[in-house]
Each structure stands twice: as C-alpha cells, then as structure tokens.
Amino acid sequence: QQAAIEAPTPALIVAGPGSGKTSTLIGRTEYLVQGLDIPPEQILALTFSRKAAQEMQERLQLALGTRVQLPTVSTFHAFCAEVLRKYGESVGLRQNFALVDETEGYFLLRRLARAMRLQHYRNLPFPALYFPDMLKAISRAKDELVSPNEYRRLAEQMLERAQDEEAQQKAERALEIASVYELYEAALQERQDTDFGGLI
C-alpha cells in the first residue's frame with residue numbers, strides 16, 4: 001500500500017477485493033496534497049461503491065482539515081452522470097436524459113423482440129426468458145468498452161475459428177447477442193438516453 005501511495009504518476013495498481021484499495025486511495029490523496037503540494041481541487045478520486053466514496057470523503061475531511069476545498073470524491077457512475085448532465089448533448093443525449101436501469105432495459109428489449117432474429121435464445125412459450133442474460137452480456141461488454149460493432153467482429157472471429165460444434169454454437173450465440181446489442185443501442189440512441197454501462 002505504501003508503494004502504491006508514493007508511486008510516480010501515472011500509476012496502475014491492480015488489487016483484488018479486500019486488499020485495501022480505498023485506504024490506499026485515501027493515503028495517495030493525502031500524499032499528493034500534503035507531500036507534493038498538489039491543490040486538492042485538482043484531484044479527482046473515483047471508486048466503485050457509494051459506501052467507499054462516502055468513507056473516502058469523510059476520511060479526507062479529517063486528514064486534510066480546514067482546507068477551503070476538498071478533492072472531488074465520487075463513484076465512477078455518479079461522476080460520469082454529472083459530466084453527461086452538463087455535456088451530454090455533445091454525445092447525442094437529450095438534456096434531461098433518462099438513465100435506463102435493468103428493469104427498463106428488460107421492457108426495452110420486449111419492445112424490440114419482433115426485430116430480433118433468434119435461434120439459440122428463442123423460447124416460444126416465454127419469449128423474454130433470456131432477456132436478463134442478454135442485458136448482463138451487454139452490460140459486461142460496455143464495462144469492457146466493447147461497442148456493438150466490436151462485439152459483432154469478435155463473435156464473427158469466434159465463428160471463423162470454431163473447431164467443433166460446441167465452439168460453433170457458442171459463437172452463434174455471441175452473434176445473436178451482438179445483434180440484440182445493436183438493436184438495444186440503436187433504441188437508446190433514438191430515445192437519446194443511456195444506461196449504467198453507457199455512463200462510462
């Protein structure tokens with residue numbers, strides 16, 4: 001943790017759950033302000049959970065004391081939402097865009113169901129059965145910054161490299177997700193809204 005706190009910038013520190021990432025971020029922020037005289041208002045500290053962001057805010061307030069302005073501390077998603085509320089029109093969002101959650105995403109897929117050409121993910125008695133899995137796959141892709149076009153390209157590569165029936169079916173399923181991802185993103189763009197993955 002001490003090496004991460006005092007590492008020269010930029011620094012990429014890979015750490016698993018429970019390894020002290022929040023404490024390290026707090027220590028690094030204190031080090032930048034108190035050790036390197038970086039103005040606190042020039043520091044942006046982002047984390048994944050609201051709990052960690054709140055803990056960072058409280059501990060930095062104690063550590064830095066009566067400074068006029070504290071560093072900006074937020075979660076990745078809250079910070080991105082704030083930026084997009086100001087500048088979202090530049091990337092095709094309406095001024096008061098809606099943040100589509102998992103439930104609304106499910107209903108959006110239901111509206112798009114007729115346009116979906118599914119074979120592996122088709123279930124006639126329960127057409128929406130696989131929608132939650134599809135949304136999770138889309139969310140994972142967005143977290144990895146994989147666009148619908150890139151997802152399709154990767155799925156096509158999987159299909160080209162498939163050596164057996166199992167690999168071929170896996171690639172075909174990925175292609176179906178790619179087509180649903182394209183429809184889903186087009187619908188979000190038409191509405192000028194985004195989802196949590198889109199915030200990043």
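Modeller: A pocket is an open set of points on a 1 Å grid over the protein atoms alone, where a 1.4 Å probe fits, with protein on both sides within 12 Å along at least five of seven lines. Its volume is the space filled by probe spheres set on the points, joined across faces, edges and corners. This is a predicted model, where local features need pLDDT of at least 70 and side-chain atom pairs pLDDT 80 or more, while totals for chains, interfaces and linings use all residues. Residues are numbered from 1 along each chain as its sequence is written, and side-chain values use heavy atoms, leaving out hydrogens and water.

Colleague: Thanks! What volume does the largest pocket have?

Modeller: Its lining (residues with an atom within 4 Å of a point) has 29 residues, with Ile 13, Lys 21, Leu 25, Leu 46 and Phe 76 nearest the centre. The volume of this largest pocket is about 870 Å³.

Colleague: Which element gives the most residues to that pocket's lining?

Modeller: Helix H2 (21-35) and strand S1 (44-47) are the elements giving two or more residues to the lining of the largest pocket; helices (H or I, at least four residues) and strands (E, at least two) are DSSP runs numbered from the N terminus. The top contributor to this lining, with 7 residues, is H2.

Colleague: And which residues lie closest to the centre of the second largest pocket?

Modeller: That pocket has a volume of about 370 Å³. Of its 19 lining residues, the closest to the centre are Lys 142, Glu 185, Gln 189, Thr 194 and Gly 198.
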